[in-house]
Amino acid sequence: MILGIYPYLVMNGNGQEAIKFYENALDAKVIGVQTFGEMPDNPEFPIPIEAKDRVLNAHLKVGDTDLMLSDTFPGQPCPIGSQVTVTITIDNVEKSKEVFRKLNEGGQVEMPLQETFWSPSYGQVTDKFGVPWQISTQVADNK
């Protein structure tokens with residue numbers, strides 16, 4: 001089942017500043033902020049010092065709406081017009097695969113669906129209309 005969609009803003013290294021700006025301008029409540037430096041260590045992909053304070057993921061609440069934000073990794077392009085993506089959260093991997101496949105019809109895969117430390121199935125695709133999507137699976141904890 002699709003749980004919801006929300007805007008996801010991509011910044012070019014000024015994510016911390018953007019969080020403060022939107023917190024003030026939109027009366028946003030900061031729910032959480034993770035930096036690249038807080039990612040689990042991976043010897044095959046060490047995080048450079050200049051990336052450690054960049055925002056990996058920030059969650060803000062504006063009224064009843066979720067607003068997500070991250071920085072690009074140093075050296076990755078962040079062209080004007082591509083700073084906003086739409087993220088869709090889904091509650092199971094099979095539905096994520098289905099939605100990803102359908103959004104990719106005539107589109108382009110930016111990041112194949114894969115397991116990440118925050119999701120059992122996450123990927124990025126740009127649909128045939130040029131709209132960038134992030135597909136993220138959130139499986140409920142059975143605790």
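Does Asp-27 count as buried or exposed, and at what relative accessibility?

1. At 67% relative accessibility, Asp-27 counts as exposed (that is over 50% relative accessible area, with buried under 20% and partly exposed in between, using a 1.4 Å probe and protein chains only). Asp-27 sits in the loop between helix 1 (15-25) and strand 2 (29-35). Its phi is positive, about 50°, although Asp-27 is not a glycine.

2. A word on the model: it is predicted, so local features need pLDDT of at least 70 and side-chain atom pairs count only at pLDDT 80 or more, while totals for chains, interfaces and linings use all residues. Residues are numbered from 1 along each chain as its sequence is written, and side-chain values use heavy atoms, leaving out hydrogens and water.

3. Eight strands make an open, mixed sheet in the order 2-3-4-1-5-8-7-6. Strand 2 and strand 6 are at the edges with a single partner strand each, so one side of each has no neighbour in the sheet. On average, neighbouring strands are turned by 20° against each other, direction ignored. (Strands are DSSP runs of E, at least two residues, and helices are runs of H or I, at least four, numbered from the N terminus; two strands pair if DSSP finds at least two bridges between them.)

4. Strand 3 and strand 4 run antiparallel, joined by five bridges, and Leu-60 stands opposite Leu-67 in strand 4. Helix 1 packs on the sheet, touching strand 1, strand 2, strand 3 and strand 4, and its direction makes about 5° with that of strand 3. Helix 2 (residues 93-104) packs on the sheet too, touching strand 1, strand 5, strand 6, strand 7 and strand 8, at about 170° to the direction of strand 6. (Contact means heavy atoms within 4.5 Å; axes are lines fitted to C-alpha atoms, for helices over the stretch in contact, and angles run from 0 to 180 degrees between N-to-C directions.)

5. Strand 7 is largely enclosed by the rest of the structure, because four of its five residues are buried. Four bridges link it antiparallel to strand 6, with Gln-114 opposite Tyr-122 in strand 7. Five bridges join strand 7 to strand 8, also antiparallel, and Thr-126 has Pro-132 in strand 8 as its bridge partner.
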